[in-house]
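Keep the sequence and the 3D view open as you read.

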Amino acid sequence: MSRKWVEKEGPRWVEKGIVTREQVEQITRLYEDKKHAVGLLPILGSLLVGLGILSFVAANWQEIPQLLRLALMMAVMAGFYGAGEKLIRNGQDRLGLALVSLGLVSFGASMVLIGQMFHLIAYNAGTFILWACAGAGLAWIYRSRYLYLIALLLFTIAQWYASTELHGFSYTSIVLMALSLGGYLWKRPDSLLMSAFSISFVLQSIMWVGAEDFRFVWAFLPVMALYVLGDWWKERRPAFALQTAPLALAFGFALVMVLFPEAYTGGSYGMERNTILISPWYVVLLVVLFAVSFFGKLRLKQAAGAFEWILLAPFFYLPEGMSVLYLLAMFFFSLYVLWQGYLEEWRFKINIGTFLFIISTMVAYGKLTWDFMDKSLFFILGGLLLLLLSWFLNRRKKQFFEQIKEDKEHD
């Protein structure tokens, strides 16, 4: 809650007789009028100074003796860390963390420059991994979301570098990420950071199947293992943040199987019709994950949530009807999300379910009418259908929340 929000909503509270005008003024005085622009200026200033120093050093780098280069890199890095620590202890957390992050950037840049100075050749992603571990350590020390996200980005970059440039997968990187950043979330659950961690893990799982030349569906095993972890988390909001990215990948895969089944039934990640090129162990492991997930949901009295696994049904094993079944799975899943959103009175979930239902409807419309309908008429009717669906679902959502509001006022 902010002062600006209280000032905006206060007159409406007075008008409805909830509070008096004097009480609104007392509530407003509890919130300081924070000068965000003033707090931002030191950060921008520190960034400009840092960029100026880097530009000057880069322009004269070759003329500086190697020993002086090393001393300069150490001094810059220690200076940023020391200044940041001092400011944080003095209560200027925002500026202090900005300088600490510049110290982290200096640390990584120093490793790269040292490698260039001594012509060191990297045969793995060790530099990026060490850099990311330093960021994770700083996130633990300062308990900072900002530093956590930097470390997570560095781990993701390390994996991308290993997969694209070195044509391999760094198991060291993902294990260290799970231990350091996953352990951080275990101690300090945070919905935003859990969402970011989940997205990074999903991306790295996709990199894994690409680097190891596995079938794409094998990515669902580590991804759904992360989903299963959310089923054993007591708090549902952080668990939902952890499970959103895996379900988004499953929904996206179903979408591709409906629109472009030939893109998966052939190619390097595909499989030929009427032949099973995926080991039966895939189904066995998927069933094991489903069982663990189901027991976790039962434990938390969320057994209905097992319906989310409909997107993971291996319809690609079937010789025919695969696209239709995936389309039905998309419809049922979106309706389930809508139903859960209304049941939990959770506006965000209702919005997600509405969005997914509209996508499913438009995909079904396109699949059924594209081949035989005039293209102009196709787009006109499709647009009208989209507008009608949007209007109906938003109207239903508005009526639902107004009814809830009335019920609470009567209680």
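## Salt bridges

The structure holds four salt bridges; the term covers a side-chain nitrogen of Lys or Arg within 4 Å of a carboxyl oxygen of Asp or Glu. This is a predicted model, in which local features need pLDDT of at least 70 and side-chain atom pairs count only at pLDDT 80 or more, while totals for chains, interfaces and linings use all residues. Residues are numbered from 1 along each chain as its sequence is written, and side-chain values use heavy atoms, with hydrogens and water left out.

Let's begin with a local pair. Glutamate 85 and arginine 89 form a salt bridge, with their closest N and O atoms 2.7 Å apart. Both sit in helix α4 (residues 66-89), and because they are four residues apart, about one helical turn separates them. Helices (H or I, at least four residues) and strands (E, at least two) are DSSP runs, numbered from the N terminus. Glutamate 85 is partly exposed at 24% relative accessibility, whereas arginine 89 is exposed at 69%. Here buried means under 20% relative accessible area, exposed over 50%, and partly exposed in between (1.4 Å probe, protein chains only).

## Bridges across the sequence

Aspartate 190 forms a salt bridge with arginine 145, and the closest N and O atoms are 2.9 Å apart. This pair links distant parts of the chain, 45 residues apart: aspartate 190 is in the loop between α8 (171-187) and α9, and arginine 145 is in helix α7 (residues 145-164). Aspartate 190 is buried, with a relative accessible area of 16%, while arginine 145 is partly exposed at 44%.

Now look at lysine 297, which forms a salt bridge with aspartate 231, their closest N and O atoms being 2.7 Å apart. Lysine 297 belongs to helix α13 and aspartate 231 to helix α10, so the pair ties together parts that are 66 residues apart in sequence. Lysine 297 is buried, with 4% relative accessible area, and aspartate 231 is buried too, with 1%. Through shared partners, salt bridges join Asp231, Lys297 and Glu308 into one network.

## Aromatic pairs

The structure holds 26 aromatic pairs. Rings of Phe, Tyr and Trp (its six-membered ring) pair if their centres lie within 6.5 Å; planes under 30 degrees apart count as stacked, over 60 as edge-to-face and the rest as tilted. Tryptophan 208 and phenylalanine 214 have ring centres 5.2 Å apart and planes at 80°, so this pair is edge-to-face. Tryptophan 208 is buried at 15% relative accessibility, and phenylalanine 214 is partly exposed at 31%.

Phenylalanine 216 and phenylalanine 253 make a stacked pair, 5.9 Å centre to centre with 10° between the planes. Phenylalanine 216 is in the loop between α9 (191-211) and α10 (220-231), and phenylalanine 253 is in helix α11 (residues 236-259), 37 residues apart. Phenylalanine 216 is buried at 17%, as is phenylalanine 253 at 6%. Ring pairs link a cluster whose members include Phe216, Trp218, Phe253 and Tyr326.

## The chain overall

The chain has 16 helices and zero strands. Of its 411 residues, 41% are buried. Among contacts (heavy atoms within 4.5 Å) with a separation of 6 or more, 65% come from residues 24 or more positions apart.
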